[in-house]
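Here is a short tour to read alongside the sequence and the 3D view. Keep both open as you go.

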Amino acid sequence: MVEWTGKPAYQQVAEQLRRRIAAGEFNTAGKLPSLAEIQGAYGVTVTVARAAIRQLNSDGLVVTHQGKGAFLTSGSTEAAKLASPEGALADLQEQVDSLKAEVGDLRARLDALEAGRGSE
């Protein structure tokens, strides 16, 4: 599943897991697949699987417990969405839409104030 893209394999696996976190795939249990499951799913070594989990840990998306696995942190789904370019773009679009609405409201209020002054 890991492709020759010029990116290190662990980053590719971390990105795939980040997308799955953003999609809410692990929310029910809050536990990520085991290292062996990651190895099998992505066709990588245990070293690559560990590095991918370590990357997600340093991004604040998961916490690890030796012998138990990696678990989602609170807010990890939202954080994962923002970490992906698609999610960041969607969040930015929401902010732009909100700002447009606020500017429209301010323009209407300003027009009303100016119309009130013109009648004096």
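## The hairpin

How many residues lie between S1 and S2 in the hairpin, and which residue in the turn has a positive phi? In this predicted model, three residues separate the two strands, and glycine 67 is the one in the turn with a positive phi, about 80 degrees.

The strands themselves, S1 at residues 62-65 and S2 at residues 69-72, run antiparallel and are joined by four bridges.

## The overall layout

Stepping back, the protein chain has five helices and two strands, in the order α-α-α-β-β-α-α. Of its 120 residues, 25% are buried. The accessible surface is about 8100 Å², with 55% of that belonging to carbon and sulfur atoms.

## Three salt bridges

Side chains of opposite charge can pair when their charged atoms come close. Here the count is three salt bridges.

Let's begin with arginine 18 and aspartate 59, whose side chains meet at 2.5 Å, N to O. Arginine 18 sits in helix H1 (residues 9-22) and aspartate 59 in the loop between helix H3 (46-58) and S1, so this pair ties together parts 41 residues apart in sequence. Arginine 18 is buried at 11% relative accessible area, whereas aspartate 59 is partly exposed at 37%.

Lysine 7 and glutamate 15 form another salt bridge, at 2.4 Å, N to O. Lysine 7 is partly exposed at 38% relative accessibility, and glutamate 15 is partly exposed at 22%. Arginine 20 and glutamate 25 also pair, at 2.6 Å, N to O; arginine 20 is partly exposed at 22%, and glutamate 25 is partly exposed at 44%.

Definitions and conventions: Residues are numbered from 1 along each chain as its sequence is written. This is a predicted model: local features need pLDDT of at least 70, side-chain atom pairs count only at pLDDT 80 or more; totals for chains, interfaces and linings use all residues. Side-chain values use heavy atoms; hydrogens and water are left out. Buried means under 20% relative accessible area, exposed over 50%, partly exposed in between (1.4 Å probe, protein chains only). Accessible areas come from the Shrake-Rupley method with a 1.4 Å probe; for residues, only the protein chains shown count as cover. Two strands pair if DSSP finds at least two bridges between them. A salt bridge is a side-chain nitrogen of Lys or Arg within 4 Å of a carboxyl oxygen of Asp or Glu.
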